[in-house]
Amino acid sequence: KRIYLQLNFVIINPYPFKSLLFNLSFITNKYKSKFKSTAYIYTVLTNCFMLFFYNRKVLELFAYPSYCFCVLFTDIFLYFILGLFPYGNCLFNRVSSEFRKLKNLSFAYGKQQVLKHLDLELHEGKITTLIGANGCGKSTLSKTLIRLYKPDDGKIMFDQYGDLALKEGAALTKARRDIQMVYQDPYSSLNPKMTIRQMFYEILSVHHICPKEEFEKKTIEILDMVGMPSYALDRYPSAFSGGQRQRIGIARALILNPALLIADEPVSALDMSIQAQIINLLMDLKAKLNLTMLFISHDLRVVQYLSDRVMVMYLGRVVEMGSAEELFQHPAHPYTQILIQAAPVIDTKYKEREYEIRGETPSPIDIPKGCAFHPRCPFATEKCRTAEPVMTEDANGRMVKCHYPLVDGFSMKAVQIP
């Protein structure tokens, strides 16, 4: 009888039901291979604690605070007794960066080396931003991460799927469900011959997200999340503005509830006022959904406002990475400093820029020896022309690839991301 009442408690009250689905959907991937029925175990423990406290008249059965207390108690039990971190709960939300890494990644178009020995970490619930000049490999990196391109060398470690560089066929399709992308051009990224309803229904059908009877409800919910009305369902992309199309593109990516969202310059083709709306939307979605995002942009003002971590790329190499606040206040690489100083400032007092950058970006086919940036660097020495720098790290985990960092505190020991 009590078990029956507990089941009714979950079904009748929508908020605990939603919370239960949240916890079941985001159980830690690290222990899925060890415990095949992790979600089942978690549910059983939560219900057992609920009934245990109910029998001792400590809690009321049909009360949302009681359920929250039992979920919290289950987390504490798993953490202190079993040594596990329940994934997705606000108390012990584990940063699973070890499962989202690129290791020594390389990719080339023929003789043109676009990515070379690139390492990258993506932290759970954080926005990591890629910045760099045109042609440095930002978009290629994003398409390699989602496996539209197959890397020539290196690993793409992603959650329980392992190395995506080795995946093909059905295994790759399954992994892509957890990696979604918002493309740069909102006009060409949507099929002009399909209505919004047809686009979303196709996604829900292919990936078996929910029963067919719930397709419309699910689609309306996700459109409402990005600020689009329900009557947009039966319209074609040509009926919407650029900002509305980009909102639809974001909704299309989020409908699968991905573990990683890649946004490849999602605001570069939009007007300034629309850009602000999309950026604020992404910030709201990050707060609501705890999104892990790889954001690509040229606009350093957007990067500084949006990002938790920043990576600077030059000719297919990462030259600096660290927290956004530290990187913008005290850039350690000369190229990063030049990028920040080159950003436009809306102030008539500063008409002249106090920086100098020489020459043009070298060809990716013929990359200079030593440090790739030395032909344009104002601080280059003979060592920079002959020896390639290694990635060095300071005490705060910030990394820079330069023989002579512009800030102190970097150990001159090579750093390899494990």
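1. His208 is found in the loop between α7 (196–206) and α8, where helices (H or I, at least four residues) and strands (E, at least two) are DSSP runs numbered from the N terminus. The phi of His208 is positive, about 55 degrees, although His208 is not a glycine. His208 is exposed, with a relative accessible area of 66%; buried means under 20% relative accessible area, exposed over 50%, and partly exposed in between, with a 1.4 Å probe and protein chains only.

2. On the source: this is a predicted model, in which local features need pLDDT of at least 70 and side-chain atom pairs count only at pLDDT 80 or more, while totals for chains, interfaces and linings use all residues. Residues are numbered from 1 along each chain as its sequence is written, and side-chain values use heavy atoms, with hydrogens and water left out.

3. The chain as a whole. The chain has 14 helices and 11 strands. Buried residues make up 50% of its 418 residues. Of the contacts in the chain with a separation of 6 or more, 59% come from residues 24 or more positions apart; contact means heavy atoms within 4.5 Å. The chain exposes about 21600 Å², and carbon and sulfur atoms supply 55% of that area. Accessible areas come from the Shrake-Rupley method with a 1.4 Å probe, and for residues only the protein chains shown count as cover.

4. Helix α10, length. Helix α10 covers residues 272–289, and at 1.5 Å a residue its 18 residues should span 26 Å. The expected span is 1.5 Å times one less than the number of residues. The end C-alpha atoms of α10 are 26 Å apart, which agrees.

5. Helix α10, faces. Which residues of α10 are buried? They are Gln275, Ile278, Ile279, Leu281, Leu282, Leu285 and Lys286. Seen down the axis of α10, these buried residues fall within an arc of 155 degrees, so they line one face of the helix; the arc is that of the directions from the helix axis to the C-beta atoms. An α-helix has 3.6 residues a turn, so residues three or four places apart point the same way. The face of α10 turned away from its buried side carries the exposed residues Ala287 and Lys288.

6. Helix α10, cover. What covers the buried residues of α10 includes the strands β3 (127–131) and β7 (293–296). The cover also includes the helices α8 (215–225), α9 (242–254) and α11 (300–306).

7. Val226 is found in the loop between α8 and α9 and is buried, with a relative accessible area of 1%. Not counting residues up to four places away in sequence, Val226 touches Arg247, Ile250, Ala251, Leu281 and Leu285. Leu281 and Leu285 are among the buried residues of α10. Val226 and Gln246 are 20 residues apart along the chain, and their C-alpha atoms are separated by 9.7 Å.

8. Phi of Asn290 is near 55 degrees, a positive value in a residue other than glycine. At 31% relative accessibility, Asn290 counts as partly exposed.

9. Aromatic pairs. A search of the whole structure finds 8 aromatic pairs. Rings of Phe, Tyr and Trp (its six-membered ring) pair if their centres lie within 6.5 Å; planes under 30 degrees apart count as stacked, over 60 as edge-to-face and the rest as tilted. Phe107 and Tyr149 form a stacked pair, at 5.3 Å centre to centre with 5 degrees between the planes. The pair links distant parts of the chain, 42 residues apart: Phe107 is in strand β1 (residues 100–109), and Tyr149 is in the loop between α5 (138–145) and β4 (153–158). Phe107 counts as buried at 7% relative accessibility, whereas Tyr149 is partly exposed at 24%. Phe107, Tyr109 and Tyr149 form one aromatic cluster.

10. Helix α13. Pro334, Tyr335, Thr336, Ile338 and Leu339 are buried in α13. The buried residues of α13 pack against β3, α11, β8 (309–314), β9 (317–323) and α12 (324–329).

11. His374 lies in the loop between α13 (334–342) and α14 (382–386). At 13% relative accessibility, His374 counts as buried. Leaving aside neighbours within four places in sequence, His374 is in contact with Pro368, Lys369, Ala380, Cys384 and Arg385. The side chain of His374 reaches the backbone oxygen of Lys369 at 3.3 Å.

Key: A polar contact is a pair of N or O atoms within 3.5 Å; within protein, one must be able to donate a hydrogen and the other to accept it, and residues adjacent in sequence count only if both atoms are side-chain atoms.
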